[in-house]
Amino acid sequence: MDIKYKLESQAKTIYAQAINNLREESLRELVVDTNSVQCVVDLNRKKMLCAAVPYSGGWTAYIDGNKTETYRVNDMFVGIEVPEGEHDIVLKYVTPGIKTGIAISTLSVVIIVVYLGFMRKKQMK
């Protein structure tokens, strides 16, 4: 019975220390929009920032305005390596393939309009 109490007590102490360590390096000015997440971090050493958003190839990350690589972390979230110091972080999401889809749709409409115009001229003769 004493052993169980000591293990619980030590686990709570370790947990409290871990929470205090995390509070020393805070995330500030968090702004979450439809397709973006922005924040400011201040780190005492290089770390991996794990955003609790599902990983997808559509995410692009920027540190202080410079594009950086994104990683799949914890099997499902977006992560980026952030160097020591204070940094502005921006994550932007664009649905993969959306630009290609818009281009194909626009081209298809143009082709249909040109075809219908040609057919109309042909019928008028």
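This report covers the fold, core, surface and salt bridges of a predicted model.

## Basis

Residues are numbered from 1 along each chain as its sequence is written, and side-chain values use heavy atoms, without hydrogens or water. Because the model is predicted, local features need pLDDT of at least 70 and side-chain atom pairs count only at pLDDT 80 or more, while totals for chains, interfaces and linings use all residues.

## Overall fold

The protein has 2 helices and 8 strands. Helices (H or I, at least four residues) and strands (E, at least two) are DSSP runs, numbered from the N terminus. Their order from the N terminus is α-β-β-β-β-β-β-β-β-α.

Of the 125 residues, 20% count as buried. Buried means under 20% relative accessible area, exposed over 50%, and partly exposed in between (1.4 Å probe, protein chains only). The protein exposes about 10000 Å², and carbon and sulfur atoms supply 58% of that area. Accessible areas come from the Shrake-Rupley method with a 1.4 Å probe; for residues, only the protein chains shown count as cover. Among contacts (heavy atoms within 4.5 Å) with a separation of 6 or more, 55% join residues 24 or more positions apart.

## Nonpolar core

The largest nonpolar core holds 14 residues. Such a core is a set of buried Ala, Val, Leu, Ile, Met, Phe, Trp, Tyr and Cys residues joined through side-chain atoms within 4.5 Å. Val 41, Ile 80, Val 82, Ile 89 and Leu 91 have the most contacts inside it. Two or more residues each come from strand 2 (36-43), strand 3 (47-54), strand 4 (59-63), strand 7 (77-82) and strand 8 (85-93). Strand 2 gives the largest share, 4 residues.

Leu 91 shows how these parts meet. Not counting residues up to four places away in sequence, its contacts include Val 37, Ala 51, Trp 59, Ala 61, Val 78 and Ile 80. Leu 91 also touches Ser 36. Ser 36 lies in strand 2 and is buried, with a relative accessible area of 12%. Beyond four places in sequence, Ser 36 touches Val 31, Leu 91 and Lys 92.

## Surface and helix 2

Leu 27, Leu 30 and Val 32 form a nonpolar surface patch, with about 280 Å² of accessible area together. Patch residues have over 30% relative accessible area and no salt bridge; like charges are joined within 9 Å, nonpolar side chains (Val, Leu, Ile, Met, Phe, Trp, Tyr) within 5 Å. Leu 30 sits in strand 1 (residues 27-32). Leu 30 is exposed, at 52% relative accessible area.

Helix 2 (residues 98-124) has 27 residues. From first C-alpha to last, helix 2 reaches 39 Å, close to the expected 39 Å. The expected span is 1.5 Å times one less than the number of residues. Helix 2 is hardly covered, with 0 buried residues.

## Salt bridges

The structure holds 2 salt bridges. Each needs a side-chain nitrogen of Lys or Arg within 4 Å of a carboxyl oxygen of Asp or Glu. Arg 28 pairs with Glu 86, the closest N and O atoms being 3.1 Å apart. This pair links distant parts of the chain: Arg 28 is in strand 1 and Glu 86 in strand 8, 58 residues apart. Arg 28 is partly exposed, at 28% relative accessible area.

Lys 46 forms a salt bridge with Glu 81, with the closest N and O atoms 3.3 Å apart. Lys 46 is in the loop between strand 2 and strand 3, and Glu 81 is in strand 7, 35 residues apart. Lys 46 is exposed, at 54% relative accessible area, whereas Glu 81 is partly exposed, at 31%.
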